[in-house]
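Please work through the following exercises on the fold and overall dimensions of a protein chain. Each task is followed by a solution in steps.

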Amino acid sequence: MSIRHGLLALLSKGPRYGYQLRVEFEASTGATWPLNIGQVYTTLSRMERDGLVEPGESDEQGRVVYTITAAGRAEMARWFSTPVVQSDRPRDELVIKLAMAVAAKEVDVAGVIRKQRTATMRTLQQLTRAKRAVTEGAGQRLVLDSMIFQAEAEQRWLDHCEAVLKEER
């Protein structure tokens, strides 16, 4: 997820200072993507440079409140109206790991798959428990649903990998 665009979406609801943005970002994503406060302020600084946000005056506690600009609203609208394409996502480390395990000598590929399956199942169980604990917030449920679907897909893919490896023997 683009932190920049997530912060713009939060600022579209009204002016916020950095810590508020961090808390709301984590609440919106069900705390599945922790955000470092340094990332927030670095991103705000870049967005200010790019004319997407404007800083206000410091309050009595020294906090600067940021406001989204017209350019920021246009950027946010562009982001929401543009589909995410597969090539925009980072490389999948698991896919690379298994491909390299197959290519390498002396690697128990089946063992790598078993360990990953166990870890993925553990993650799936944790995500399911977390989803049950969500009492409100469609955004949090959607994030957790996405992560659950991804873990389920990973399990199916691992089954496929085992089948392909058995065919190769």
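The exercises below treat the secondary structure, the sheet and the whole chain in turn. The model is predicted: local features need pLDDT of at least 70, side-chain atom pairs count only at pLDDT 80 or more, and totals for chains, interfaces and linings use all residues. Residues are numbered from 1 along each chain as its sequence is written, and side-chain values use heavy atoms, without hydrogens and water.

**Exercise 1.** State how many helices and strands the protein chain has, and their pattern.

Solution. Helices (H or I, at least four residues) and strands (E, at least two) are DSSP runs, numbered from the N terminus. The protein chain has seven helices and three strands. Along the sequence they follow α-β-α-α-β-β-α-α-α-α.

**Exercise 2.** Determine the strand order of the open sheet and its edge strands.

Solution. Two strands pair if DSSP finds at least two bridges between them. The order is β1-β3-β2, with antiparallel pairing. The edges are β1 (16-17) and β2 (53-58), because each pairs on one side only. Two bridges link β1 to β3 (residues 64-68); Arg-16 has Tyr-66 as its bridge partner in β3.

**Exercise 3.** Compare the radius of gyration of the protein chain with that of a compact globule of 169 residues.

Solution. The radius is taken over C-alpha atoms, and the globule rule is 2.2 Å times the number of residues to the power 0.38. A compact globule would have a value near 15 Å, whereas the protein chain has 21 Å. The C-alpha trace spans about 70 × 35 × 30 Å along its principal axes. Buried residues (under 20% relative accessible area, 1.4 Å probe, protein chains only) make up 29% of the 169 residues.

Terms used: Buried means under 20% relative accessible area, exposed over 50%, partly exposed in between (1.4 Å probe, protein chains only).
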